[in-house]
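Good morning, and thank you for making time for this presentation. I would ask you to look at the sequence and the structure first, and then to follow me through a few of its features.

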Amino acid sequence: MNTKLKMAVVGAGTWGENHVQIYLAHPFAEVVAVCDANYDKARTLGERYGIAKVYGDYREMLKDSGCDAVAIVTPDFAHADIACAAAAAGKHMLIEKPLATRREDVLRMLEAIEKSGVRAMVDLHNRWSPPYNAAHAAVERGEIGEVYSAYMRLNDIKWVATDLLPWAASSSILWFLGSHSLDTLRWFFQDEVRRVYSVSRSGLLRSMGVDTVDEYLTTLEFKNGGIAQMENGWITPNGNPNVNDMKMNLTGTKGMIAIDTSNHNMIQMYTEQKTVVPDVIVQNHIFGRPKGFAFESIRGFVDCMLDGSPFPVSVRDAANTSLAILAIMRSAETRTPVEVEY
């Protein structure tokens, strides 16, 4: 192929920089523009990677940059306006998870994308995780029979809410990690959630200056009868060897699959002061090039755009995940079961 996919990146934070690195490393992609509401951040990122076109307004970028597709790498509550504008401009898009955090935003994004005919994917990257992908393939082969029930735990250490995300108080662990959990469960059950019942607890992070819910415990009932328990929190101690605390048990009518990606014994490093478990699975660099499954999903967007194959995560997948999470939040607030409205 002689042409390259021309990418523009909106959001010049840490993950936006990862997007830039991945597109620059892809043989059939290039970064033609970066944009951030904080123009200085965008300019700094552009200078670091030799990107000439830098913007402080995504609308100007859509008109002027000549991009084919847009990576929307802003805080989760700021996706909708950018996505709708990109669709109206005829730009394909990769949207960081979740699709959106309000029902009205989910619906107008779906309408804008479907009306425009552009291609769009949401970066729910756990489908690219080697153990989860291998487990899904086993389920597809019928090795554990019908998926009957599941338990999924995906938590973060406190540092994520207190230091990593300056906008944590405007979001939720359900958006930050619960979207991955729920998408993974929907993928395994090949079904939509019918009803949820959730309880939550708050106070620890608020005492540390971050006004957000600490954790959620949620029961999910799927339309075809499957049941699952989902745990999401961001109050794991900072001394945990891994930022994530992630486990899954999947029970079928003929077998079971157990996954623990919280830690690994492939490499550990010790000094007199600390133990370090380097991330060699999720996001890492080999000979200076971005590797790991959290990066593979972004590369996968480019690949699917170039060969025309379906995205492993559809926009409708992401929309239904967001709508179910909104029901979980309502359930936790009311302490009652809530039907999911699609």
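Predicted model: local features only at pLDDT ≥ 70, side-chain atom pairs only at ≥ 80, totals over all residues.

**Backbone, core and helix packing**

Arg335 sits in the loop between H11 and strand S17, residues 338–339. The backbone deserves attention here, since most residues other than glycine have a negative phi, and most peptide bonds are trans. Arg335 is not a glycine, and yet its phi is positive, at about 55°.

Gln190 can be discussed alongside it. Phi of Gln190 is near 50°, again a positive value in a residue other than glycine. This residue is placed in the loop between H8 and strand S8, residues 193–201. Is Gln190 buried or exposed? With a relative accessible area of 53%, Gln190 is exposed.

A further backbone feature concerns a peptide bond. The bond from Lys97 to Pro98 is cis, with omega near -10°. Pro98 belongs to the loop between strand S5, residues 92–96, and helix H5, residues 103–116.

Helix H5 leads us to Asp105, which is found in that helix. Asp105 counts as buried, because its relative accessibility is 5%. Setting aside residues up to four places away in sequence, Asp105 touches Ala80 and Ala100.

Ala80 in turn belongs to helix H4, residues 80–88, where the buried residues are Ala80, Ile82, Ala83, Cys84, Ala86 and Ala87. What covers these buried residues of H4? The cover includes strand S1 (5–10), helix H3 (58–64), strand S4 (69–72), S5 and H5. Just after H4, Gly90 takes a positive phi of about 75°.

Let me turn to the nonpolar interior. In soluble globular proteins, nonpolar side chains tend to be buried together. In this model the largest nonpolar core has 113 residues, and Tyr23, Met93, Leu185, Leu220 and Phe301 touch the most other members. Helix H11, residues 315–334, supplies the largest share of this core, with 11 residues. For Phe301, the contacts beyond four places in sequence are Leu5, Met7, Ala69, Met93, Leu94, Met121 and Phe311.

Pro310 and Met121 are 189 residues apart in sequence, while their C-alpha atoms are 9.5 Å apart in space. Pro310 is located in the loop between helix H10, residues 293–307, and H11. Pro310 counts as exposed, because its relative accessibility is 68%. Leaving aside neighbours within four places in sequence, Pro310 is in contact with Arg119 and Cys304.

I come now to helix packing. Two packed helices are described by the angle between their axes and the distance between the axes. How do the axes of H8 and H11 meet? They come within 9 Å and cross at roughly 120°. That angle makes H8 oblique to H11. The crossing of these two helices is right-handed. On the H8 side, the contact includes Leu174, Trp175, Gly178 and Leu182, and on the H11 side it includes Asn320, Ala324, Ile325 and Ile328. By class, the contact of H8 with H11 has 8 nonpolar, 5 polar and 3 charged residues.

H8, residues 173–189, also packs against H6, residues 130–140, with axes that come within 10 Å and cross at roughly 20°. H6 and H8 are therefore roughly parallel to each other, a class that covers angles under 35 degrees. This crossing, too, is right-handed. Tyr132, Asn133, Ala135, His136 and Val139 of H6 meet Thr184, Trp187 and Phe188 of H8. These contact residues divide into 5 nonpolar, 3 polar and no charged.

Where is Thr236 found? Thr236 lies in the loop between strand S10 (227–233) and strand S11 (244–252). Although it is a loop residue, Thr236 is buried, with a relative accessible area of 13%. Apart from neighbours within four places in sequence, Thr236 is in contact with Asn155, Asp156, Ile157, Lys158 and Asp245.

Thank you for your attention.

Terms used
Residues numbered from 1 in each chain as written. Heavy atoms only, no water. Axes fitted to C-alpha atoms, helices over the stretch in contact; angles between N-to-C directions. Helix = DSSP H or I, 4+ residues; strand = E, 2+ residues; numbered from the N terminus. Parallel < 35°, antiparallel > 145°, perpendicular 65-115°, else oblique. Left-handed = near helix turned anticlockwise from the far one by under 90°. Contact = heavy atoms within 4.5 Å. Nonpolar A, V, L, I, M, F, W, Y, C, P; charged D, E, K, R; others polar. Buried < 20%, exposed > 50% of the residue type's maximum accessible area, 1.4 Å probe, protein only. Core = buried A, V, L, I, M, F, W, Y, C linked by side-chain atoms within 4.5 Å.
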